[in-house]
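I opened my notebook to look up a few things in this structure. Here is what I checked, entry by entry.

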Amino acid sequence: MGTSSARRGPTTRLWRAAKGAATRYLSPAAAGQVSAREVVARYLAALEETPGQGEPLAAWRLTRKAGQDLGALAAEVQARGWEAALAARGLGAATPGNPEMLAQGLSELLAGSGGGLEEAVVRTSLALALRPGLRSDAQPDPAPLVGRFLATALFLRLALDLGEPLEAAAGGYGRLREGLEQIRAWIEAQASEPQAPTPAGHWQGLAGWTWVTACLTTLMTRLREGRPGGSP
């Protein structure tokens, strides 16, 4: 399966440890020996030593840029409503009867149409973050929305990077789904605390980039430290 930052997974010590933890996490023979929190912490440790990535968040540049754009969109919706925000992007009325297509269209606008794995993860994460608001026509709160998007993107990256050992150890779809759900819940729990929003007019500038970067860094720090606050 490879990794979401490089199509062939590294074989460094920390990557081997991350894949080993994923295997033990869902292996019936090692039930309860490894928690979802340990799988996430070992995964993030492995990401930090991925060769050629440079600074720790280099593999998340598109994700952070999409977070900025998502925050700017949400701030515009708060100020003008869904219909005006979508019309400005050539997507027509806010409620044409198909919020799924709207979410997909918006995700492609915000993330672009690149074929890389990070692009695919970002598009899917954006669509998942946008759908609830589009279904209800509710005005989103930019900061929590961006926080949920970042948590979703991190979870999907992990699911891609460690999917092979997780699937092999699970031995069946039901166990795999349950294990992934526990990982997702743990990641989302660490992003659940309210964050101070970036001023609405600054989402697209340096202030927005800095805020999104700090938000992702805080989430990763909590997950690496295994701070309590969610399902283990």
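**Entry on a buried tyrosine.** I started with Tyr43. Its relative accessibility is 0%, so I wrote it down as buried. I kept in mind that the model is predicted.

**Entry on its partner.** I then turned to Trp15. Its relative accessible area is 0%, so Trp15 is buried. How far apart are the ring centres of Trp15 and Tyr43, and at what angle do the planes lie? I noted 6.0 Å between the centres and 80° between the planes. Planes over 60 degrees apart count as edge-to-face, so this pair is edge-to-face.

Where do the two residues lie? I found Trp15 in helix 1, residues 13–26, and Tyr43 in helix 2, residues 36–48. The pair therefore ties together parts that are 28 residues apart in sequence.

**Entry on the other pair.** Next I looked up Trp203 and Trp211. They form an aromatic pair, and I noted it as edge-to-face. Their centres are 5.2 Å apart, with 80° between the planes. Both Trp203 and Trp211 are buried. My count of aromatic pairs comes to two.

**Entry on a charge over a ring.** Which residue lies over the face of Trp60? I found Arg157 there, at 4.1 Å from the ring centre.

**Entry on helix 3.** I wanted to check the length of this helix. Helix 3 covers residues 61–80, which is 20 residues. The expected span counts one less than the number of residues.

How many of the residues of helix 3 are buried? I noted 14 of the 20, so helix 3 is largely enclosed by the rest of the structure. Just after helix 3 comes Gly81, and I wrote down its positive phi of about 95°.

**Entry on the largest pocket.** I ended with the pocket. About 210 Å³ of space lies in the largest pocket. I listed 13 lining residues. Nearest the centre are Ala129, Pro132, Gly133, Leu145 and Arg148.

Which helices each supply at least two residues of the lining? I found helix 6, residues 117–136, and helix 7, residues 142–161. Helix 6 gives the largest share, five residues. I also sorted the lining by type: eight residues are nonpolar, three are polar and two are charged.

Notes:
Residues are numbered from 1 along each chain as its sequence is written. This is a predicted model: local features need pLDDT of at least 70, side-chain atom pairs count only at pLDDT 80 or more; totals for chains, interfaces and linings use all residues. Side-chain values use heavy atoms; hydrogens and water are left out. On a 1 Å grid over the protein atoms alone, a cavity is a set of points where a 1.4 Å probe fits but cannot get out, and a pocket is an open set with protein on both sides within 12 Å along at least five of seven lines; lining residues have an atom within 4 Å of a point. Grid points are joined across faces, edges and corners, and a volume is the space filled by probe spheres set on the points. Helices (H or I, at least four residues) and strands (E, at least two) are DSSP runs, numbered from the N terminus. Ala, Val, Leu, Ile, Met, Phe, Trp, Tyr, Cys and Pro count as nonpolar, Asp, Glu, Lys and Arg as charged, and the others, Gly among them, as polar. Rings of Phe, Tyr and Trp (its six-membered ring) pair if their centres lie within 6.5 Å; planes under 30 degrees apart count as stacked, over 60 as edge-to-face and the rest as tilted. Buried means under 20% relative accessible area, exposed over 50%, partly exposed in between (1.4 Å probe, protein chains only). A charge sits over a ring if NZ of Lys or CZ of Arg is within 6 Å of the ring centre and within 35 degrees of the ring normal. The expected span of a helix is 1.5 Å times one less than its number of residues.
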